[in-house]
Amino acid sequence: MHKGERPKVIDTFVTVEENSFAVGKQIRDILWPANLFVLSLKRGEGGAIVDQHGGEEMRAGDILHVRYSTYNEADTREELMSIINEQDFDEHEDEVI
């Protein structure tokens, strides 16, 4: 289906917005977009937490460091926004090896 194409690898930070689907759920309980990994969670003034088992419950205002690989950036972004609510965020595209 994507023969000859190279996926984009996006590395970014997103905020769990109030009243979003993710609030009150554990990281592991969310069906994230394909090939998306939550690398860490930052809450308030504390440092980032690396939640190895995905048991951390998300709250409004939590900042998630996510990385994902995609062939269709718009669809993946739309799927992510349906979980955490619509927002603007800075993306950093990494080279795929």
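**Asp62**

I started with Asp62 and looked up how much of it the solvent probe can reach. This is a predicted model, and in it Asp62 has a relative accessibility of 2%. Buried means under 20%, so I put Asp62 down as buried.

Next I asked which side chain Asp62 meets in a salt bridge. The partner is Arg43, at 2.8 Å from N to O. Arg43 is in the loop between E2 and E3, while Asp62 is in the loop between E3 and E4, so this pair ties together parts that lie 19 residues apart in sequence.

**Arg43 again**

I then checked Arg43 for another partner and found Glu56. Their side chains form a salt bridge at 3.0 Å, N to O. I noted where the two sit: Arg43 in the loop between strand E2 (36-42) and strand E3 (48-49), Glu56 in the loop between E3 and E4. They are 13 residues apart, and the pair links distant parts of the chain.

Is Glu56 buried or partly exposed? Its relative accessible area is 23%, so I logged Glu56 as partly exposed.

Putting these entries together, I get one network of Arg43, Glu56 and Asp62, joined by salt bridges that share partners.

**Arg67 and Asp11**

I counted the salt bridges in the structure and got four. One of them is Arg67 with Asp11, where the closest N and O atoms are 2.6 Å apart. This one also links distant parts of the chain: Arg67 is in strand E4 (residues 63-70) and Asp11 is in strand E1 (residues 8-15), 56 residues apart.

I looked up accessibility for both partners. Arg67 comes out at 34%, so it goes down as partly exposed. Asp11 comes out at 12%, so it goes down as buried.

**The nonpolar core**

I moved on to the nonpolar residues. The largest nonpolar core has 17 residues. I listed those with the most contacts inside it: Ala22, Trp32, Met58, Leu64, Leu80 and Ile84.

Which elements give two or more residues to this core? I found E1, E2, E4 and helix H1 (73-84). H1 supplies the largest share, four residues.

**Met58**

Last, I picked Met58 from that list and looked up what it touches, skipping residues up to four places away in sequence. Its contacts include Ala22, Trp32 and Leu64, which are also on my list of residues with the most contacts inside the core. Among the others are Val16, Val23, Ile27, Ile30 and Leu41. Met58 also touches Gly24, Lys25 and Gln26. Arg43 is on the list too, which brings me back to the residue that bridges to Asp62.

Key: Residues are numbered from 1 along each chain as its sequence is written. This is a predicted model: local features need pLDDT of at least 70, side-chain atom pairs count only at pLDDT 80 or more; totals for chains, interfaces and linings use all residues. Side-chain values use heavy atoms; hydrogens and water are left out. Buried means under 20% relative accessible area, exposed over 50%, partly exposed in between (1.4 Å probe, protein chains only). A nonpolar core is a set of buried Ala, Val, Leu, Ile, Met, Phe, Trp, Tyr and Cys residues joined through side-chain atoms within 4.5 Å. Contact means heavy atoms within 4.5 Å.
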